[in-house]
Amino acid sequence: MINTLGPVSDTELLPGEMVAVRTRRVLSRKGRCVVRVRLFGVSSLGWLDTARLWGTCVEVFVCQGGNVKHLVEQLYPDVHIAPLAEALEIPPYRCWDGVLLATIDNQSEADQLHLLVEKWGPQVIIIATHHTRWTNIEVGI
């Protein structure tokens, strides 16, 4: 019999808790593919590795560097690599339901990231920087 007034001990379950325990499972990589990710910056290879290993859908990797582009093409041939001009034309605009992961190295990359954020309007933005002080780089978000 289930106690609906509240648990008498820590081991007793309420009705909703019993259902939650019965249906508990680990979200597989297959279920994570609904998370859409876009990456920005030549130093964002760590984000790319993490996103792929976690099982997300990587929509685009935005970078300008030739060495990084070559490395991404070798490691992840199915990932679309785009320069900034092409990335700014990727829909949807201003209401993208996804995660933008970026590593910025300098003010120029911060300015480019600001353009992408304004254009795409991602639901989540995670930014990493190599600098220890944010006063060095202004993202303007």
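## Getting oriented

The model you see is predicted, so to speak: local features need pLDDT of at least 70, side-chain atom pairs count only at pLDDT 80 or more, and totals for chains, interfaces and linings use all residues. Residues are numbered from 1 along each chain as its sequence is written, and side-chain values use heavy atoms, leaving out hydrogens and water.

The protein chain has six helices and five strands (DSSP runs numbered from the N terminus: H or I of at least four residues for helices, E of at least two for strands). Of its 141 residues, 33% count as buried (under 20% relative accessible area, with a 1.4 Å probe and protein chains only).

## The largest core

A nonpolar core is a set of buried Ala, Val, Leu, Ile, Met, Phe, Trp, Tyr and Cys residues joined through side-chain atoms within 4.5 Å. The largest one here holds 17 residues, and Phe40, Val62, Leu100, Leu113, Leu116 and Trp120 touch the most other members. At least two residues come from each of β2 (57-62), α5 (84-87), β4 (99-104) and α6 (107-120); α6 gives the most, with five.

Another core, of 14 residues, lies apart from it, and includes Leu39, Val58, Ile81 and Leu101.

## A look at Ile104

Ile104 sits in strand β4. Is Ile104 buried or exposed? Ile104 counts as buried because its relative accessibility is 0%.

How values were computed. Buried < 20%, exposed > 50% of the residue type's maximum accessible area, 1.4 Å probe, protein only.
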